[in-house]
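My notes follow in the order I took them.

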Amino acid sequence: QVQLVVSGGGLVQAGGSLRLSCAASGRTGSYNMGWFRQAPGKEREFVSAIAWSAGITRVAIPRYADSLKGRFTISRDNAKNTVYLQMNSLKSEDTAVYYCAATTSSRVTDTVAYSFWGQGTQVTVSS
């Protein structure tokens, strides 16, 4: 079992920044970790993920939704079992509940591939 606790959401003005954290319990070092978001009345969508590469050399490879590249940065600290999402230049359309999730699948952009989910944190961007 993996438990994920998300923190760092809040209210920010457009153009501002926030950093979300996802603290994981258990041995999550082998998991691919993802961030998703869900705005009111919309489906949950992929934001970013950090996956381990296949093969002998384990390299963490970040993935982003195309529309978010350049503004969001994902990182992981395996020693702390924590994944971060740094969000810069926030826009009103970034307002949503943000979720952290863990998967052993390589389909890191696919919501249904994730087995474990955090509780979500509200991010509200005022214009």
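**Entry 1: Ser-105.** I began with the contacts of Ser-105. Leaving aside neighbours within four places in sequence, Ser-105 is in contact with Asn-32 and Ala-113. I note here that the model is a predicted one. Ser-105 is found in the loop between E9 and E10. Is Ser-105 buried or exposed? I read a relative accessible area of 18% for Ser-105, so I put it down as buried, the cut-off being under 20%. The side chain of Ser-105 also reaches the backbone nitrogen of Arg-107, at 2.9 Å.

**Entry 2: Arg-107.** With a relative accessible area of 45%, Arg-107 is partly exposed. Which side chain does the side chain of Arg-107 meet in a polar contact? I found Asp-110, at 2.9 Å. Not counting residues up to four places away in sequence, Arg-107 touches Val-112, Ala-113 and Tyr-114. I also checked the C-alpha atoms of Arg-107 and Ala-51: they are separated by 9.5 Å, and the two residues are 56 apart along the chain.

**Entry 3: Thr-111.** I then looked up Thr-111, whose place is in the loop between E9 and E10. Its relative accessible area is 26%, so I list Thr-111 as partly exposed. Setting aside residues up to four places away in sequence, Thr-111 touches Phe-36, Arg-44 and Trp-117.

**Entry 4: the core.** Next I went to the largest nonpolar core, which has 37 residues. Which of them touch the most other members? I wrote down Leu-4, Met-33, Trp-35, Phe-72, Leu-85, Met-87 and Tyr-98. The elements giving two or more residues to this core are strand E1 (3-7), strand E3 (18-25), strand E4 (32-38), strand E5 (45-52), strand E7 (72-77), strand E8 (82-87), E9 and strand E11 (121-126). I took Leu-85 as an example. Not counting residues up to four places away in sequence, its contacts include Leu-18, Leu-20, Trp-35, Val-47, Phe-72, Ile-74 and Tyr-98. Arg-19, Ser-48 and Thr-73 are also among the residues that Leu-85 touches.

**Entry 5: positive phi.** I looked at backbone angles as well. Most residues other than glycine have a negative phi. Asn-81 is not a glycine, yet has a positive phi of about 55 degrees. The place of Asn-81 is in the loop between E7 and E8. Ser-89, also not a glycine, has a positive phi of about 50 degrees. Ser-89 lies in the loop between E8 and E9, and is partly exposed at a relative accessible area of 41%.

**Entry 6: the cavity.** How many cavities of 30 Å³ or more does the structure hold? I found 1. About 50 Å³ of space lies in the largest cavity. Its lining is made of Ala-24, Thr-28, Gly-29, Met-33, Arg-76, Asp-77, Asn-78, Asn-81, Thr-82 and Val-83. E7 and E8 are the elements that give two or more residues to this lining. By type, I divided the lining residues into 3 nonpolar, 5 polar and 2 charged. I had already met Met-33 in the core and Asn-81 under positive phi; both line this cavity.

Technical notes. Residues numbered from 1 in each chain as written. Predicted model: local features only at pLDDT ≥ 70, side-chain atom pairs only at ≥ 80, totals over all residues. Heavy atoms only, no water. Buried < 20%, exposed > 50% of the residue type's maximum accessible area, 1.4 Å probe, protein only. Contact = heavy atoms within 4.5 Å. Polar contact = N/O pair within 3.5 Å; in protein donor to acceptor, adjacent residues only side chain to side chain. Core = buried A, V, L, I, M, F, W, Y, C linked by side-chain atoms within 4.5 Å. Helix = DSSP H or I, 4+ residues; strand = E, 2+ residues; numbered from the N terminus. 1 Å grid on protein atoms, 1.4 Å probe; cavity = no way out; pocket = protein on both sides within 12 Å on 5 of 7 lines; lining within 4 Å. Points joined across faces, edges and corners; volume = space filled by probe spheres on them. Nonpolar A, V, L, I, M, F, W, Y, C, P; charged D, E, K, R; others polar.
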